[in-house]
Amino acid sequence: MKLSLRICWCLSLFAGLAGAAKDSCVECHSSLDGNLQKPATLFSDSIHRQRGFHCTDCHGGDRTADDPEASMSRARGFIGKIPRTAVPKLCARCHSDAALMHKYNPKQRIDQYAQYLTSVHGKRIAAGDAAAANCVDCHSVHDIREVRNPLSPVHPLRLPQTCAHCHADKTHMAKYQIPTSQFDEYRKSVHWNALEQRGDLSAPSCASCHGNHGATPPGVNSVAAVCGTCHVLMENLYSKSPHQPVFQSMGVAGCVVCHSNHAVLPASDKLLAGDKSVCTQCHEPASAGGAAAADMAKSIERLAGALRRSDEALQRAASLGLEVSEAQLQQQEGREALVKARVAVHAFDPAAVNEPVSQGLKVAEATYRSGVDALAEGNRRRVGLGISLITIVITMAGLWLAIRRIERPSRQGGL
Ligand code: HEC
Ligand code: HEC
Ligand code: HEC
Ligand code: HEC
Ligand code: HEC
Ligand code: HEC
Ligand code: HEC
Ligand code: HEC
Ligand code: HEC
């Protein structure tokens with residue numbers, strides 16, 4: 001009796017579940033073609049499906065009715081295809097609702113829509129310009145995944161392509177007065193290289209500099225702060241340098257004037273002096289700025305040269321099996337001083353560069369001495385070894401002669 005009751009209960013539960021799972025929208029649309037079928041197939045990979053939502057949560061209608069007239073009836077709230085300019089409000093219905101979102105995930109942010117309204121995209125869509133990005137242009141529609149999923153179109157490695165969909169399309173952007181080169185330029189940068197080649201997720205993708213929902217170009221005055229979220233030391237020095245106030249009043253974007261925004265290339269000492277110098281854009285070689293550039297380049301090259309010299313000496317000594325490990329360790333301090341000197345360039349004051357350079361030179365001098373001393377000691381040992389070898393050979397030869405001399409008379413005596 002008890003058992004049959006339990007079976008009954010199980011069956012009714014199963015039937016209940018089957019009832020709950022009844023979804024005529026998916027059933028019917030799965031059997032259609034093209035754009036009518038795609039949403040039904042894609043939806044199974046969606047975070048919304050995984051959280052138990054249905055087609056009706058966005059499109060309205062009645063998923064328990066089989067008859068399309070009934071299921072897609074306006075009387076049952078069916079809104080059909082959602083116009084591009086109406087999408088953000090639709091998503092915000094849930095995503096700006098703290099009570100609802102926090103039921104699923106207490107850490108979920110609820111400011112996407114509010115941020116979005118402040119962006120160039122949000123403002124244009126609100127003004128009825130359907131060419132700007134709405135939520136589904138960045139996130140996809142029926143297969144929206146969690147943002148940390150590598151298949152999500154907003155994952156840092158996929159995001160440039162997602163933005164480029166419009167921003168690299170000359171036809172799409174034709175009516176606006178902005179370049180369409182950001183994607184191509186960004187793909188040449190150290191940043192994309194670090195992200196793509198080395199999987200370094202600390203390197204910036206488009207949204208790291210532009211924000212995701214509030215996407216705007218950083219204004220002239222905030223560029224240094226944007227780059228400075230990661231390059232903290234450079235920003236500190238730059239903001240106290242003589243350039244900061246003059247660039248601000250000239251309307252020149254801080255870091256970008258020397259490094260570019262999208263095509264940020266690897267830095268090198270060549271940016272200071274020579275034909276690749278970034279300073280010559282504004283300073284004649286004879287001016288105070290030009291002289292400072294040459295001075296800093298010379299200091300840095302002096303330290304780099306001194307470190308190369310001691311590296312060579314230490315390597316030669318090590319390859320001969322001489323003990324220089326302590327000096328090699330100390331050499332690391334010299335290399336750190338060189339890094340500091342290159343960072344100190346951003347004070348645009350030769351004295352700031354000279355400080356780490358003179359510390360580094362002291363280290364390089366000491367390590368060079370250690371290398372040279374080790375090599376001299378090696379030489380002494382080799383000479384010592386040679387002398388001992390010769391002594392041994394002479395002694396052995398002497399012994400051999402002595403033995404011969406002792407043997408000869410006795411043999412003669414035997415005859
Ligand atoms: C028995 C089949 C059937 C069922 C059930 C059904 N649909 Fe449809 N749906 C269609 C067909 C066929 C079309 C295309 C013709 C049309 O627009 O009426 C369509 C069109 C649509 C469109 C596009 C409308 C447009 O304006 O372009 C949406 C959105 C849609 N259905 C969503 C739903 C949702 C949500 C449900 C469940 C509540 C649902 N459908 C149930 C067959 C069905
Ligand atoms: C998270 C909200 C959401 C859910 C859930 C959702 N849709 Fe949509 N759907 C949209 C939006 C937004 C559009 C308009 C897309 C656009 O502008 O490209 C759309 C468009 C469509 C279209 C028109 C496609 C076209 O290219 O003409 C169909 C058909 C459709 N949805 C069916 C479905 C079906 C069937 C389901 C359930 C399997 C579903 N949708 C679930 C938001 C949703
Ligand atoms: C210009 C592209 C773009 C648009 C438009 C956009 N998003 Fe996003 N969204 C992103 C990116 C990029 C991330 C990932 C952020 C990250 O990795 O920290 C994200 C993250 C999210 C998240 C995860 C939580 C969070 O805030 O990080 C949600 C939810 C979300 N977006 C919803 C929306 C909604 C709703 C809209 C429309 C009102 C929208 N997005 C419009 C690019 C966009
Ligand atoms: C019916 C309510 C509802 C609607 C409408 C809705 N969402 Fe969601 N969405 C959710 C919930 C709940 C989650 C799961 C949140 C979680 O578990 O962190 C979610 C998750 C997401 C995520 C993944 C967030 C993450 O942290 O990775 C994105 C992105 C997203 N939604 C975008 C959209 C977009 C774009 C639209 C409009 C086309 C939309 N949603 C419409 C309720 C909704
Ligand atoms: C659906 C197409 C589309 C997508 C996708 C898109 N955008 Fe846009 N974006 C536009 C349009 C159109 C404008 C308006 C241009 C204008 O007003 O100058 C714009 C404006 C901008 C602006 C302001 C430019 C200015 O100077 O006015 C920035 C910054 C921007 N987008 C960044 C992004 C980033 C970053 C992404 C990807 C995360 C992205 N966009 C994705 C279409 C798109
Ligand atoms: C390292 C930071 C950074 C990254 C990464 C970045 N941008 Fe920018 N972007 C900027 C800065 C800074 C500006 C403002 C330029 C100025 O004032 O000189 C800008 C300007 C823009 C503009 C306005 C038009 C223009 O070209 O001046 C658009 C659109 C844009 N970026 C899109 C993108 C897209 C799309 C990506 C990804 C492919 C991207 N950005 C990646 C920093 C970045
Ligand atoms: C989200 C963090 C982040 C932001 C924002 C960012 N960067 Fe970077 N940057 C990195 C990382 C990571 C590297 C790669 C360092 C490496 O190659 O190991 C890098 C490398 C560089 C390099 C090359 C350094 C070298 O050793 O050759 C320069 C120059 C640079 N960034 C300038 C900028 C400028 C200018 C901006 C603002 C327009 C900016 N960065 C914004 C993280 C960031
Ligand atoms: C007036 C030109 C100028 C400005 C402005 C400028 N830099 Fe530089 N930056 C340089 C030069 C020159 C170097 C190369 C130094 C060297 O290697 O000798 C450099 C090097 C770098 C490096 C690589 C340092 C290393 O370890 O090799 C990074 C990262 C960097 N800059 C980021 C920034 C950021 C972020 C800003 C804005 C806060 C900025 N720069 C502003 C000229 C500039
Ligand atoms: C975008 C133009 C611009 C670039 C690029 C630039 N500077 Fe300047 N710099 C200025 C302006 C403007 C001043 C204010 C004093 C002046 O008018 O000469 C200044 C001032 C200076 C000063 C203070 C001495 C003085 O002339 O008052 C030094 C030092 C300096 N710059 C070094 C450099 C170095 C080194 C570089 C390259 C790494 C560089 N600058 C790149 C525009 C620039």
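Biologist: Which angles do the six donor atoms around the iron atom of ligand 8 subtend, and what arrangement results?

Modeller: The angles run from 87 to 180°, which makes the arrangement octahedral. That label applies to six donors when opposite donors are over 155 degrees apart and all others lie between 65 and 115 degrees. A donor here is an N, O or S atom within 2.8 Å of the metal (3.2 Å for Na, K and Ca), and because water is not among the atoms, sites may look incomplete. Please keep in mind that this is a predicted model, in which local features need pLDDT of at least 70 and side-chain atom pairs count only at pLDDT 80 or more, while totals for chains, interfaces and linings use all residues. Residues are numbered from 1 along each chain as its sequence is written, chains are lettered from A and ligands numbered from 1 in the order in which they are written, and side-chain values use heavy atoms, with hydrogens and water left out.

Biologist: Which protein atoms are donors to the iron atom of ligand 8, and where in the chain do His-259 and His-346 lie?

Modeller: Helices are read as DSSP runs of H or I with at least four residues, numbered from the N terminus. The protein donors are the NE2 atoms of His-259 and His-346, lying 2.0 Å from the iron atom of ligand 8. His-259 belongs to helix 19 (residues 256-259) and His-346 to the loop between helix 21 and helix 22, so the pair ties together parts that are 87 residues apart in sequence.

Biologist: Is His-346 buried or exposed?

Modeller: The scale is relative accessible area, computed with a 1.4 Å probe on protein chains only: under 20% is buried, over 50% is exposed, and anything in between is partly exposed. His-346 is buried at 18%, whereas His-259, at 28%, is partly exposed.

Biologist: How should I read a nonpolar core, and which residues have the most contacts inside the largest one?

Modeller: In soluble globular proteins, nonpolar side chains tend to be buried together. A core is a set of buried Ala, Val, Leu, Ile, Met, Phe, Trp, Tyr and Cys residues joined through side-chain atoms within 4.5 Å. The largest one here has 17 residues, and those with the most contacts inside it are Leu-272, Ile-300, Leu-303, Leu-338, Val-353 and Val-357. Helix 20 (288-319), helix 21 (325-344) and helix 22 (350-414) each supply at least two residues of this core, with the largest share, seven residues, coming from helix 20. Another core, of seven residues, lies apart from it and includes Leu-314, Leu-322, Val-324 and Leu-375.

Biologist: How many aromatic pairs are there?

Modeller: Rings of Phe, Tyr and Trp (its six-membered ring) pair if their centres lie within 6.5 Å, and planes under 30 degrees apart count as stacked, over 60 as edge-to-face and the rest as tilted. The count comes to three aromatic pairs. In one of them, Phe-53 and Tyr-104 have ring centres 5.4 Å apart and planes at 45°, so the pair is tilted. Phe-53 lies in the loop between helix 4 (47-50) and helix 5 and Tyr-104 in helix 8 (residues 98-104), so parts 51 residues apart in sequence are tied together. Phe-53 is buried at 17% relative accessible area, while Tyr-104 is partly exposed at 38%. Tyr-238 and Phe-247 also form a tilted pair, at 6.3 Å centre to centre and 45° between the planes, and both Tyr-238 and Phe-247 are buried.

Key:
Tetrahedral: all angles 85-135°; square planar, octahedral: opposite > 155°, others 65-115°.
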